[in-house]
Amino acid sequence: MAALIECAGIRKVFHLGDQAVQALDGVSFEIEEGEKVAVTGPSGSGKSTLLQILGCLEAPDGGSYHLDGRDVAGLGEDDLAAVRNRKIGFVFQTFNLLPRATALENVELPLLYAGGLRSRDLRQQALRAMDRVGLSDRLQHLPQQLSGGQRQRVAIARALVTEPRILLADEPTGNLDTRTGEEILELFEELNAQGRTLIIVTHDHIVARHCRRRLVLRDGRLQDS
């Protein structure tokens, strides 16, 4: 049976003026369903670029990326959007919440984009996601009325609301204090124990130690898997 994620010889080049920057240079690895993987390496090593490619937000310039047995390069924009919405949840360091929307409204957004749900069902699904992250008592709060940890939990609920198989997190504890960061890591542990595949970009060794495997990047190349 094929791995959930299969990357072979992934390359990505960015052009800054007349200079070409090789962000990824022949990166190959596989990730099985249910794994919890840390992507680590120094600043500028290609970690976030790799996460963008895994999340179907960037296309590689070379190599192949198969997600759940499908060649991502062969998908059109509509199919890519459907993959992002249904199979992948994103958690960012800066939370990326809409400031004028309530916590519950922020969580409902991916369901609105996906379409196909009645208003009542959409609301119930969002309520379940908020309950999973322990924020049923903060539904009507705006982001600025929440602590950093609570905002990250809202972001995680938003990532989970479509029941994706994969959760991609980019420095998810970077803006949190140590204690709050530990709480988020415990939540990730629970989600992984339930079968969710987690891929976490981090420069924090404590976060990396919570993962069972590391992909170490340096100068766009994989050092250890």
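Visitor: In which helix is leucine 191 found?
Guide: The structure is a predicted model. Within this model, the element that holds leucine 191 is helix 6.

Visitor: Is leucine 191 buried or exposed?
Guide: The relative accessibility of leucine 191 is 3%. Residues under 20% relative accessible area are classed as buried. Leucine 191 therefore counts as buried.

Visitor: What separation is found between the C-alpha atoms of leucine 191 and leucine 167?
Guide: Leucine 191 is in contact with Leu167, as well as with Arg132, Ile156, Leu160 and Arg196, when neighbours within four places in sequence are set aside. Along the chain, leucine 191 and leucine 167 are 24 residues apart. Their C-alpha atoms are separated by 9.3 Å.

Visitor: Which residues have the most contacts inside the largest nonpolar core?
Guide: The largest nonpolar core has 36 residues. Helices 3, 4, 5, 6 and 7, together with strands 7 and 8, each supply at least two of the core's residues. Those with the most contacts inside the core are Val107, Met130, Val154, Ile156, Leu167 and Phe188.

Visitor: With which residues is isoleucine 156 in contact, leaving aside its neighbours within four places in sequence?
Guide: Ile156 is among the residues with the most contacts inside the largest nonpolar core. Ile156 also takes part, from helix 5, in the contact with helix 6. Its contacts beyond four places in sequence are Val91, Val133, Ile184, Leu187, Phe188 and Leu191.

Visitor: How are helix 5 and helix 6 oriented, roughly parallel or roughly antiparallel?
Guide: The axes of helix 5 and helix 6 come within 10 Å and cross at roughly 20°. An angle under 35 degrees is the criterion for the parallel class. Helix 5 and helix 6 are therefore roughly parallel.

Visitor: How do the residues of the contact of helix 5 with helix 6 divide into nonpolar, polar and charged?
Guide: Helix 5 brings Gly149, Gln152, Arg153, Ile156 and Leu160 to this contact, and helix 6 brings Thr180, Glu183, Ile184, Leu187, Phe188 and Leu191. By class, the residues of this contact are six nonpolar, three polar and two charged.

Visitor: Why do helix 3 and helix 4 count as oblique?
Guide: Helix 3 and helix 4 have axes 9 Å apart. An angle of 65 to 115 degrees would count as roughly perpendicular, and one over 145 as roughly antiparallel. Helix 3 and helix 4 are oblique because they pack at an angle of about 120°.

Visitor: How do the residues of the contact of helix 3 with helix 4 divide into nonpolar, polar and charged?
Guide: On the helix 3 side, the contact is made by Ala103, Leu104, Val107, Glu108, Leu111 and Leu112. On the helix 4 side, it is made by Leu122, Arg123, Gln125, Ala126, Leu127, Ala129 and Met130. The residues of this contact divide into ten nonpolar, one polar and two charged.

Visitor: Is the crossing of helix 3 and helix 5 left-handed or right-handed?
Guide: Helix 3 and helix 5 pack at an angle of about 30°, with axes 7 Å apart, and are therefore roughly parallel to each other. Ala103, Asn106, Val107 and Pro110 of helix 3 meet Val154, Ala157 and Arg158 of helix 5. The crossing of this pair is right-handed.

Visitor: What covers the buried residues of helix 3?
Guide: The buried residues of helix 3 are Ala103, Leu104, Asn106, Val107, Glu108, Leu109, Pro110 and Leu111. Their cover includes helix 2 (77–86), helix 4 and helix 5.

Visitor: What is the relative accessible area of glutamate 163?
Guide: Glutamate 163 lies in the loop between helix 5 and strand 7. Its phi is near 55°, a positive value in a residue other than glycine. Glutamate 163 is partly exposed, and its relative accessible area is 46%.

Terms used: Residues numbered from 1 in each chain as written. Predicted model: local features only at pLDDT ≥ 70, side-chain atom pairs only at ≥ 80, totals over all residues. Heavy atoms only, no water. Core = buried A, V, L, I, M, F, W, Y, C linked by side-chain atoms within 4.5 Å. Buried < 20%, exposed > 50% of the residue type's maximum accessible area, 1.4 Å probe, protein only. Helix = DSSP H or I, 4+ residues; strand = E, 2+ residues; numbered from the N terminus. Contact = heavy atoms within 4.5 Å. Axes fitted to C-alpha atoms, helices over the stretch in contact; angles between N-to-C directions. Nonpolar A, V, L, I, M, F, W, Y, C, P; charged D, E, K, R; others polar. Left-handed = near helix turned anticlockwise from the far one by under 90°.
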